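Please look over the sequence and the fold together before reading on. The paragraphs below begin with charged side chains and then turn to a helix and its surroundings.

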Amino acid sequence: MDYTSLKQSLAERIKQAALAKLQITLDEIRFTEPPSGEMGDVSFVCFELAKIINKNPAEVARELAATIVEDGIIKEARAVGPYVNFFIRDEVLFNSIVERLRKANKKAGESDVGKGEIIVLEYLSPNTNKP
């Protein structure tokens, strides 16, 4: 699963949760990146949704996070203020990043840096005449 598919899957989960919990249909889902990796991998901001239904954004985030259950992609959905922060399973996130790199550049990870050059490694020792 590439990163775009991962985000689409998360968007579908949010749409389902909004319909089930808040009885509202969402057309577009916009994600942000949390300021710290400890806060999650991807965030959904609830300000616009809260404005539509006249509720506190933090309350909307709590309701959505409680509705979204863990699965093969989502490790955890946590409400942090007016945000629903998603923690993606490490293997899924890693695979999506690798897939994105492969699509962007067929030679991702390859480099010609240092090719054809001689590298000298020196070992430090108190006596330079003995190893």
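Glu12 and Lys15 join their side chains in a salt bridge, with N and O 3.9 Å apart; the term requires a side-chain nitrogen of Lys or Arg within 4 Å of a carboxyl oxygen of Asp or Glu. Both Glu12 and Lys15 belong to helix α1, three residues apart, or about one turn of the helix, where helices are DSSP runs (H or I, at least four residues) and strands are runs of E of at least two, numbered from the N terminus. An α-helix has 3.6 residues a turn, so residues three or four places apart point the same way. Glu12 is partly exposed at 39% relative accessible area, and Lys15 is partly exposed at 24%; buried means under 20%, exposed over 50%, and partly exposed in between, with a 1.4 Å probe and protein chains only.

This is a predicted model, in which local features need pLDDT of at least 70, side-chain atom pairs count only at pLDDT 80 or more, and totals for chains, interfaces and linings use all residues. Residues are numbered from 1 along each chain as its sequence is written, and side-chain values use heavy atoms, leaving out hydrogens and water.

A further salt bridge joins Asp71 to Arg13, the closest N and O atoms lying 2.3 Å apart. This pair links distant parts of the chain, 58 residues apart, with Asp71 in the loop between α3 and β3 and Arg13 in helix α1. Asp71 is partly exposed at 28%, whereas Arg13 is buried at 16%.

Helix α3 spans residues 57–67, and its buried residues include Val60, Ala61 and Leu64.
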